[in-house]
Amino acid sequence: MSKAKEAIIRTDCNGATVCDEEEDFLAKRGEHEMGSMIRTTGVLVTIFLSGSSLIGCSTPELSKGKAPQSVSIETVPLSPTGTGKTSTASTETYGNDEIVESQHFYTGPPHVLSSGKIAYLTFDDGPSESTSKILHILKKFGVTATFFVVGADTSEGRALYKQIVAEGHALGNHTYTHDYNRIYKSPEAFMKDMRRLDQLLEETVGYRPDILRFPGGSNNHLSWKPGGRGIMSKVTSEVKKEGYQYFDWNVSSTDAAAPVQAREMIIDSVLSASRGKKSIIVLMHDNTYKTTTLEALPIVIKKLQAAGFHFEKLKKSSFTFQFLEP
């Protein structure tokens with residue numbers, strides 16, 4: 001008797017069910033998903049909850065002053081110091097004549113190679129009202145991390161960019177607007193939005209990052225509506241050509257899977273997905289309403305340290321995990 005083939009059933013960002021043969025699926029994703037094994041007569045079907053596909057998807061911007069009613073990982077508007085008023089990212093457009101660079105060059109702090117079991121904590125969508133609290137926890141444990149930030153051109157936003165760098169952490173570009181319909185229209189639209197944030201960061205901290213994370217990750221399907229099914233392949237190729245390195249994640253905290261995820265779920269998700277890995281890139285979010293992320297962070301750090309991990313910030317030459325390779 002011939003051995004029955006194995007199949008993988010997974011769910012993508014849009015909730016669609018996709019079935020791959022085991023060899024193709026594992027080659028693309030790696031054996032990093034959690035799942036349950038269900039045996040039937042002569043056929044083994046593995047049902048995986050794929051953190052790489054489900055987490056990192058975002059929804060429209062949060063309403064000002066209101067707690068979110070649905071899943072969202074957008075940036076909470078910051079108040080300019082002393083005003084008590086909120087400020088959102090500008091929607092003004094830049095003329096093509098203002099984009100003068102054709103190749104990106106990194107001018108930030110020097111990069112140092114490392115070894116051993118490494119954990120890269122990453123926080124998306126800040127700065128927010130949680131940023132200082134995250135920084136306080138990291139400082140308490142002597143841990144460095146990476147903040148993939150969006151545009152916050154206010155006095156408070158600029159102060160938080162400076163604080164992140166001053167305390168030894170890395171800044172990464174997460175686009176200025178984080179607006180899917182805007183940034184994923186074309187590679188040119190993406191680069192324009194990203195360079196706008198580059199300019200703000202250079203003015204504020206003195207250099208432009210050479211690392212980035214795509215809103216929704218490099219394989220998100222929400223980009224298909226504005227840019228078509230092939231838009232992410234085009235965008236990833238463009239950013240690589242321009243000298244940037246992009247990072248997805250191989251460990252999700254699942255803090256974007258609910259408006260406020262349970263603290264224990266965040267902790268368990270990180271620890272279970274970290275087992276058996278030497279290098280982990282952990283996805284978390286810097287968002288005012290993600291209070292349980294703050295509660296879970298100290299426990300996550302202590303338990304990963306107990307498992308033999310040390311913490312570093314991402315740099316262009318670091319271990320990377322990419323859902324979609326150009």
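What share of the contacts in the protein chain with a separation of 6 or more comes from residues 24 or more positions apart? I looked this up at the start, and in this predicted model such residues account for 75% of those contacts.

**Entry: the whole chain**

I then turned to the chain as a whole, where I found ten helices and twelve strands. Of its 326 residues, 49% are buried, and the chain exposes about 15100 Å², with carbon and sulfur atoms supplying 53% of that area.

**Entry: α4 against α6**

I next looked up how helix α4, residues 155–166, packs with helix α6, residues 187–205, and noted an angle of about 70° with the axes 9 Å apart. Because angles from 65 to 115 degrees count as roughly perpendicular, that makes α4 roughly perpendicular to α6. I recorded their crossing as right-handed. On the α4 side the contact is made by R158, Y161, K162 and V165, while α6 brings L197, L200, L201, E203, T204 and V205. Sorting the residues of this contact by class, I wrote down six nonpolar, one polar and three charged.

**Entry: α6 against α8**

I went on to the packing of α6 with helix α8, residues 231–241, for which I noted an angle of about 50° and axes 9 Å apart. That angle makes α6 oblique to α8, and the crossing of α6 past α8 is right-handed. Here P187, F190, M191 and M194 of α6 meet I231, K234, V235, E238 and V239 of α8. By class I listed seven nonpolar residues, no polar ones and two charged ones in this contact.

Notes
Residues are numbered from 1 along each chain as its sequence is written. This is a predicted model: local features need pLDDT of at least 70, side-chain atom pairs count only at pLDDT 80 or more; totals for chains, interfaces and linings use all residues. Side-chain values use heavy atoms; hydrogens and water are left out. Axes are lines fitted to C-alpha atoms, for helices over the stretch in contact, and angles run from 0 to 180 degrees between N-to-C directions. Helices (H or I, at least four residues) and strands (E, at least two) are DSSP runs, numbered from the N terminus. Angles under 35 degrees count as roughly parallel, over 145 as roughly antiparallel, 65 to 115 as roughly perpendicular and the rest as oblique. A crossing is left-handed if the near helix is turned anticlockwise from the far one by less than a right angle, and right-handed if clockwise. Contact means heavy atoms within 4.5 Å. Ala, Val, Leu, Ile, Met, Phe, Trp, Tyr, Cys and Pro count as nonpolar, Asp, Glu, Lys and Arg as charged, and the others, Gly among them, as polar. Buried means under 20% relative accessible area, exposed over 50%, partly exposed in between (1.4 Å probe, protein chains only). Accessible areas come from the Shrake-Rupley method with a 1.4 Å probe; for residues, only the protein chains shown count as cover.
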